Amino acid sequence: MTAQPESTAVPAVTSVADSELSFHPTLFEPANVERLAQAHAESQPYQHGLVHQLFDPAFLHKARQEIVEQVSFREKETDIYKIAQTGDLTNLSGLPADELALLPTLLQLRDSLYSQTFRSFLQKITGCGPLSGIKTDMSCADYGEGCYLLNHDDVIGTRRVSFILYLVGDDPKWEPEWGGALELYPVLPKDPNNPDRPNVPAVKPTVSIPPAFNQFAFFAVQPGHSFHSVEEVVVQGDGVKGGVGARVSLSGWFHKPIEGEEGYEGDDVFAPKSSLQQLYATTLSPAVPYPSEPEFPIPLPLIPSSAESSLLTALINPAYLSAKTIAQLRPQFIETSQLVLSRFLRPEIATELESLIRAVDNQSNAGRRSARVGGRKTNKVTPQSEGEDPSRGWTIVGPPHIQRFLSFDPASTHTPASARLETLLSQITELFTSAAFRTLLAALTALLPTAHTCHVRRFRPGVDYTLARGEPEDGEAKLDVGLGLTPRPRVGADRALWEGGDVGGWELWLASEEGGDEATYGAGGGSKKDGAEAEDADAMDEDEDGPLLAIEPGWNTLNLVLRDPGVIKFVKYLSAKAPGSRWDVGGEWEVSQIETDDSEEEEA
């Protein structure tokens, strides 16, 4: 769920007599309640519940019709979700009488969910404690093709129980391969070697709950435990609002009682989360400092030495190592804080590497793209374990509430001679972390690299991403280095998919909102917030400003970007509709600014 504004503490819900409730006739039967309570107590990876038939079906069909025909949805997109969503349904009671008259069933549904009868039902099953009948907090969402919600734990304010009521069509029934499942993640065991690390989710979910009409999922909000996501909807729908392929749902939260209600516990809310900087420091790989010996020459070299050039030319296009080229590029970087170096690898290396990567993508895409499922065209989500092979150095990197991608570590295995792709990637990684490449970076940027993180990444369609992060305003600038290795599509339609940006995989840099990690971009965007299914986005102020920089997945192009403090970056979630994986090699370089010797530069 996503982040709606905190609901005002006003009696927005009308009291509903039990005789007026339209729940399924078996819902409150003692045997059913006992069965649900037992299933909840035994559930993993954390306690959650699932009611397969919550309301009388005819009643819910009527409510769904009112939502589809009378309620407006607004498209919203950030680094963590892409959805269409209504406003907070708490506000229904404030509508003019003529508008409210169009939504009688939806109003009854809302009041039924927050009724004393239903809140008592949830308390019996979950043991969660008292729930407010005044502070309501819910909205409707429509996930169409390409919509998703990435990993988060829902912890905000006084939320006590998260819920999702599915309103997908039941004719035809929703197919699990259409996507849109609620995914639940276990928490990694404590690390005795890293005691300061907060709880983090495992890289893969262990429970997946596909949508089904009238199905109600719920769980207690637990800081550092209730991690979940919504799988991308990958079916090509009929284009009708609420039609085939539209994952319509109603979701929100039950809150702790407010002052004046029975069970009020004071103003305590959840303890503050670990700061993002603490989370990054305890979960992400630290930068590797360059050796102090031999000492790096000051003033900075204007070109690599002959010995360094000999190492670099084994893989790098020699054109980028000439004094003339470097002298032309350095002023560009100093002026714009960015360089784009196309055809960076030697042609023979690039040709072989592209063929090897394309073969991997073709194998992964076999039977995945444009499949027919339930009579509908579907781009299937890549399996979570696709490409994972620790014996060859490929592992999934998380944690998923920060990032998820497949990474190759040359140091983790002895690469067999037959693994030519891994051999080439190892050579590129070794080059990027070498003293010679450090000198090349210094010559191109007039900056002194002091430490680095470097990785080979593969972002798989329907699975991988990084969320927005950056240095605080009082931090230090970083040099982002990235060699794009995403093969060039041979089909024009696939090229258009990458270029249009709708399938994701682009890397974006944005100005950070003060005091937060929000990543709002493009039309209809909003701020990144926590929430239980992307149903929270009314808390987002419109911000139509685009990114400071956006780089399309490319082939054999090296990008150098100096990222100032207060600027955040991320790789946009890669849709299952993408032509293939996004591949790159690079990372972050810590740098220092050194005074340039103008006289030497003029002589060069």
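A residue is called buried under 20% relative accessible area, exposed over 50%, and partly exposed in between, with a 1.4 Å probe and protein chains only. Ser370 is partly exposed by this scale, since its relative accessible area is 42%.

**Conventions**

This is a predicted model, in which local features need pLDDT of at least 70 and side-chain atom pairs count only at pLDDT 80 or more, while totals for chains, interfaces and linings use all residues. Residues are numbered from 1 along each chain as its sequence is written, and side-chain values use heavy atoms, with hydrogens and water left out.

**Whole chain**

Begin with the entire chain, coloured by pLDDT, the predictor's confidence in each residue, from 0 to 100. The mean pLDDT of the chain is 88, and 86% of its residues reach 70 or more. Select residues 520-543 next: the pLDDT there is below 50, and the stretch has 136 contacts in the model beyond near neighbours in sequence. A contact means heavy atoms within 4.5 Å. Residues 598-604 also have pLDDT under 50, and the model gives them six contacts beyond four places in sequence.

Switch to a cartoon display, which shows 13 helices and 26 strands. These are DSSP runs numbered from the N terminus, with helices being H or I of at least four residues and strands E of at least two. Of the 604 residues of the chain, 55% count as buried. Among contacts between residues at least 6 apart in sequence, 84% join residues at least 24 apart.

**Helices H2 and H4**

Select residues 57-70, helix H2, together with residues 104-113, helix H4. Their axes come within 8 Å and cross at roughly 115 degrees; axes are lines fitted to C-alpha atoms, for helices over the stretch in contact, and angles run from 0 to 180 degrees between N-to-C directions. On the H2 side, the contact is made by Phe59, Leu60, Lys62, Ala63, Glu66 and Ile67, and on the H4 side by Pro104, Thr105, Leu106, Gln108 and Leu109. These residues divide into seven nonpolar, two polar and two charged.

**Ser22**

Select Ser22, in the segment before helix H1 (30-42). Ser22 counts as buried because its relative accessibility is 16%. Leaving aside residues up to four places away in sequence, Ser22 touches Phe55, Asp56, Phe59 and Gln108. The side chains of Ser22 and Gln108 are joined by a polar contact of 3.3 Å. Such a contact is a pair of N or O atoms within 3.5 Å; within protein, one must be able to donate a hydrogen and the other to accept it, and residues adjacent in sequence count only if both atoms are side-chain atoms.

**Backbone geometry**

Most residues other than glycine have a negative phi, and most peptide bonds are trans. Go to Pro45, in the loop between H1 and strand S1 (48-51). The peptide bond from Gln44 to Pro45 is cis, with omega near 5 degrees. Then move to Pro399, in the loop between strand S16 (394-397) and strand S17 (403-408). The bond from Gly398 to Pro399 is cis, with omega near 0 degrees.

Next, select Ser337 in the loop between helix H8 (323-336) and strand S13 (338-342). Its phi is near 65 degrees, a positive value in a residue other than glycine. Ser337 is partly exposed, with a relative accessible area of 25%.

Finish at Ser370, in the loop between helix H9 (347-365) and strand S14 (371-373). Phi of Ser370 is positive, near 55 degrees.

Methods:
Nonpolar A, V, L, I, M, F, W, Y, C, P; charged D, E, K, R; others polar.
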